[in-house]
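This report looks at charged side chains that pair with one another. The sequence and model come first, followed by the account.

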Amino acid sequence: GVLSGRDMCMIEHLPLLLNEGFRVFSVEGLYETSAWRSEVGSVYREALRSVASGEPFAVRREWERVLRRHSRNGFCNGYWFGQSGRKYVGSVLQDGNSRV
């Protein structure tokens, strides 16, 4: 979904969210295409499996490519981290880094 003209993206923060006790996640795609729902959902499923494995987590380049392909106007973290919802708080998708 779109928030403030940007797509909400929390993939690089999944380790933090799981560590904080979150166990149920919803990727809102009601008004998106079937390709969007399939591909973005798949990325988040793989990412959650990766975090849950206990191995060091890094956002994979192929995940980033899928998310960027489906993003209309860039990314934001919604209203997490005390921000206004218009900024992206993080480094992976903003600066092209792959390590969290």
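Arg 61 is partly exposed at 39% relative accessibility, a class that lies between buried (under 20% relative accessible area) and exposed (over 50%), taken with a 1.4 Å probe on protein chains only. The model is predicted: local features need pLDDT of at least 70 and side-chain atom pairs count only at pLDDT 80 or more, while totals for chains, interfaces and linings use all residues. Residues are numbered from 1 along each chain as its sequence is written, and side-chain values use heavy atoms, with hydrogens and water left out.

Side chains of opposite charge can pair when their charged atoms come close. A salt bridge here is a side-chain nitrogen of Lys or Arg within 4 Å of a carboxyl oxygen of Asp or Glu. The whole structure holds four salt bridges, including those in the table.

| Pair | N to O distance |
|---|---|
| Arg 60 and Glu 46 | 3.6 Å |
| Arg 61 and Glu 64 | 2.8 Å |
| Arg 68 and Glu 64 | 2.9 Å |

Glu 46 belongs to helix H2 (34-52) and Arg 60 to the loop between H2 and helix H3 (61-70), so their bridge ties together parts 14 residues apart in sequence. Helices are DSSP runs (H or I, at least four residues), numbered from the N terminus. Arg 60 is partly exposed at 35%, and Glu 46 is partly exposed at 30%.

Within helix H3, Glu 64 and Arg 61 are three residues apart, about one helical turn. Arg 68 and Glu 64, also in helix H3, are four residues apart, about one turn. Shared partners join Arg 61, Glu 64 and Arg 68 into one network of salt bridges. Glu 64 is buried at 8% relative accessibility, whereas Arg 68 is partly exposed at 38%.

Note on methods
Helices (H or I, at least four residues) and strands (E, at least two) are DSSP runs, numbered from the N terminus.
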